Amino acid sequence: MKKTRHITAFYLETLVLICVFMAVILILTRCLAASKTSREGAGQLNNAVYLAHNAAEAAAEAQEPRDLLRLLPDAKAEAHRLTVRYDEGLRPDPEGIFLLSMNWNTSGDDGLIPYEITVENARSGQQIYRLETAVYTGRGAA
Amino acid sequence: MNQTPIKLGVLALLLLVISICLSTLGVLTFSTAQADLRLAQRYAETTRQQYSREAAGQAFLRDADLAVKSGKPLAELEGVTEEDGVYRKDIREGNSVLHIELRMTGQSSFEIVRWETGTEWAPEENTGDLWGG
C-alpha cells in the first residue's frame, strides 16, 4: 500500500514537472517569436528610414526632379514619379525587397516642389515609412 | 493517515534551474528587441520631423522670395523678426528648431546667412536641494 502511494507521488511529481517545463518552453517560444518579429521590424524600419533619408538628400541636391536620375541612376522614372528597388543590403536590385518611391508635384508655379517619399516592402506591399519634404527651386537670391 | 511527502529530486532541481535560466534569457531577448524597435521608431520620427522642418524652411524661402520680388518687407512675413538688417525665422517641430537668417543684398535679392538646426534646451525648474552657487 505504502509502495503504491510512493509510486503515485513519483508519477504526480514527474507530471507536474513536465507540465511546468512545457509551460516554460511554450512561453519562451512565444517570447522569442515576438522578439524576432520586433527585431525584424526594427531592422526594416531602420533600413527604410535610411533609404528615405538618402532620397530626400538627393531631392535637395538635385534641385530639379529631372536631375534625380543622375543621382539615382538605377531608378525607373515615370511622370512625377521615380521608383528604385533595393535588396536587404541596401544595394540597388530590380528584385529587391525594398521599393522606394518618390512622388513630386510641380503643378504649382511658385518654384516649391513638394516630395513624398515612401518605402514599402515590395513583397507584401506594406508601407514601412513615409517622408515628406520640399525643395524651393525658384530662388533668385544672391 | 500518513501523507507521503513530495520531495524535490535532483532532476527537479535541474529542471527548475534550466527553467529559470531560459526565462531570464527570454525576458532579456524580448526587452532588447523591444528597445531596438523603440529606438528605430524614434529615429524614424526624428527624421520625419527634420524633413518637415526642412519643407517648412523651403516654403519660407519661397514666401521670402515672393515678398522681396513684390517689394514687400521681409519683416512683414509671419514669425519673422529683424535685428541689424538680419531677418530671422525659427521653425519649431519636436524638440528641435530650424534657425533661418536672411540678409538683403539688393532691392529684390537676399542671401541666407544661417540655416541651422538646434535643440531647444530649457533648464530644469526643480533642481532639488542643489546648491545654487
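**Close-up views of a two-chain model**

**View 1. A histidine and its polar partner in chain B.** The side chains of B:H99 and B:D90 are joined by a polar contact of 2.9 Å. Like everything shown here, this pair comes from a predicted model. Is B:H99 buried or exposed? B:H99 counts as buried because its relative accessible area is 18%, and the cut-off for buried is under 20%.

**View 2. The surroundings of B:H99.** Setting aside neighbours within four places in sequence, the contacts of B:H99 are B:K89, B:D90, B:R114, B:W115, B:E116 and B:G118. Another residue to look for is B:T117: 18 residues separate B:H99 from B:T117 in sequence, yet their C-alpha atoms are 6.1 Å apart in space.

**View 3. Where chain A meets chain B.** Here 39 residues of chain A are in contact with 42 residues of chain B. Together the two chains bury about 3400 Å² between them, and 67% of that area lies on carbon and sulfur atoms. Between chain A and chain B there are 9 residue pairs in polar contact, with both residues at pLDDT 80 or more. Which elements of chain A each supply at least two residues of the side that touches chain B? They are α1 (2–62) and β5 (127–136). The largest share, 24 residues, comes from α1(A). By type, the residues on this side of chain A divide into 22 nonpolar, 9 polar and 8 charged.

**View 4. A salt bridge between the chains.** Chain A and chain B have 2 salt bridges between them. One of these is formed by the side chains of A:R39 and B:D36, at 3.9 Å from N to O.

**View 5. The largest nonpolar core.** This core has 35 residues, and those with the most contacts inside it are A:L68 and A:M102. Elements that each supply at least two of its residues are α1, β2 (81–86), β3 (98–104), β4 (112–121) and β5 of chain A, together with α1 (10–69) of chain B. The biggest contribution, 11 residues, is made by α1(A).

**View 6. A closer look at A:M102, and a second core.** Leaving out neighbours within four places in sequence, A:M102 is in contact with several residues, among them A:A55, A:A59, A:L68, A:L72 and A:Y115. Elsewhere you can find a second, separate core of 19 residues, including B:A55, B:L74, B:V80 and B:F110.

Conventions. Residues numbered from 1 in each chain as written. Chains lettered and ligands numbered in written order. Predicted model: local features only at pLDDT ≥ 70, side-chain atom pairs only at ≥ 80, totals over all residues. Heavy atoms only, no water. Contact = heavy atoms within 4.5 Å. Buried area = accessible area lost by both parts, 1.4 Å probe. Salt bridge = Lys/Arg side-chain N within 4 Å of Asp/Glu carboxyl O. Polar contact = N/O pair within 3.5 Å; in protein donor to acceptor, adjacent residues only side chain to side chain. Helix = DSSP H or I, 4+ residues; strand = E, 2+ residues; numbered from the N terminus. Nonpolar A, V, L, I, M, F, W, Y, C, P; charged D, E, K, R; others polar. Buried < 20%, exposed > 50% of the residue type's maximum accessible area, 1.4 Å probe, protein only. Core = buried A, V, L, I, M, F, W, Y, C linked by side-chain atoms within 4.5 Å.
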